[in-house]
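Dear colleague,

Here is the structure I promised to pass on to you.

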Amino acid sequence: MSTTAIYALAAIAALTAFALARKLLAREIPSLADDDGKSELLPARSQEQSSSSEEASSSVFDRLSHGLARTKGRLVSGVDDLFRGKKEVDEELWRKLEELLITSDVGVKTALRLLEEMRSEAEREELADPSRLRELLEERVALLLADCAGRLPEVPKNGPLVIMVVGVNGAGKTTTIGKLAARYTAAGHKVVLAAGDTFRAAAIEQIQVWGRRSGAQVVKHEEGSDPAAVAHDGVTAGIARGADVVICDTAGRLHSKAGLMGELTKVHRVVGKVLDGAPHETLLVLDSTNGQNAIAQAREFSAAVGVTGIVLTKLDGTARGGVILGIADELDVPVKLIGIGEAVDDLRDFEPASFVQALFSSESDGAGLGRGANSAQAAVDDDPVDIPVGPGDAAGSL
């Protein structure tokens, strides 16, 4: 066989493989079937209804309790095991309680603060019953979290509410944006999504799919485009089309890379030039499975773009949810949303009283729940639920 014939056969095989791969990928992500790669404003599609009637019928408290099952099993059940059989409050008990708090990712500083306050109260009450320490811990946690809760701003009557979403890759940023869009469209608001993560593979396609699922419109540029330009066009389109909410995605950044963080500052500045006062909310998405590293991320992102609220994701996939206590204690940024499951409405407003009640409740905490889809492994590519983007990619969630 001649060299020319061999090259021809190889070319045919490559084209056939490419066509097959694209066909399969388009089946997974419908938006690829009609995507010409140009900047465009995609039409919105109707919001899909939830496929799980069981999830829809369960109470908010039950879902919150189930979502916190792993953290509860590590922290609260650990406390119960520690006090079981103890007849007095001694130094060994305090030492083991300190160890338990630290290993639950509460953080050394916060753990020592909680213990100091509990010791003072125990001495004041001349406490002798170890079971009372559990109540003291619950009280102190409730007081700590009560001061760190926040709310998303109201949608203004004139001009869109502009929300900028930042975070490292894998934190659940894309999924948070999709669920936020679904929340706003369900409330009757017109939403525009700016697909500003132009560097990560399939990030634009994921935003397109979330737009179709939630009923939001999507502004996108080609892969590799300037994220600030996408944010600019997204806010401009939102104003022109009378949108109520514009949510700007951004490229995932390592908080330790000053140059990359500078790009976020540029996006923030450009958005402010398009609409005075924007972005009105800058949400930092933190992965609770990262433990204390999440606090370091929050400090760096806050310095770069002035974070106004925290979204703590994947609480249902980790035993390290104690990090929320460290966030409340060490950061001057409110926690506004938490992710406790895969369903769209499992992105919840952070309610400290309900959170503490669910965490410390003595009811069954769903021991058979397992790790679920919100594990650190599932978060690697930051892909939305049920939207695989290619062979070997895991579906992540909030």
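This is a predicted model: local features need pLDDT of at least 70, side-chain atom pairs count only at pLDDT 80 or more; totals for chains, interfaces and linings use all residues.

I begin with the strands: S3 (residues 191-194) and S4 pair in the parallel sense over three bridges, and Val-192 has Gln-217 as its bridge partner in S4. Together with helix H10 (residues 203-214), S3 and S4 make a right-handed β-α-β unit. In a regular strand the side chains alternate between the two faces of the sheet. In S4 (residues 217-220), Gln-217 and Val-219 point one way while Val-218 and Lys-220 point the other way, and all of these are buried.

Helix H8 (residues 131-146) has 16 residues, which at 1.5 Å a residue should span 22 Å, and the 24 Å between its end C-alpha atoms agrees with that. The buried residues of H8 are Arg-132, Leu-133, Arg-134, Leu-136, Leu-137, Val-141, Leu-144 and Leu-145, and the buried residues of this helix pack against helices H5 (76-83), H6 (91-103), H7 (108-124), H14 (323-330) and H15.

Ser-361 is found in the segment after H15 (352-360), and Ser-361 counts as buried because its relative accessibility is 12%, where buried means under 20%. A polar atom of the Ser-361 side chain lies 3.2 Å from the backbone oxygen of Ala-358. If its neighbours within four places in sequence are left aside, Ser-361 is in contact with Phe-61, Ser-65 and Lys-72.

Methods:
Residues are numbered from 1 along each chain as its sequence is written. Side-chain values use heavy atoms; hydrogens and water are left out. Buried means under 20% relative accessible area, exposed over 50%, partly exposed in between (1.4 Å probe, protein chains only). Helices (H or I, at least four residues) and strands (E, at least two) are DSSP runs, numbered from the N terminus. Two strands pair if DSSP finds at least two bridges between them. A crossover is right-handed if, with the strands pointing away from the viewer, the path from the first strand over the helix to the second runs clockwise. A polar contact is a pair of N or O atoms within 3.5 Å; within protein, one must be able to donate a hydrogen and the other to accept it, and residues adjacent in sequence count only if both atoms are side-chain atoms. Contact means heavy atoms within 4.5 Å. The expected span of a helix is 1.5 Å times one less than its number of residues.
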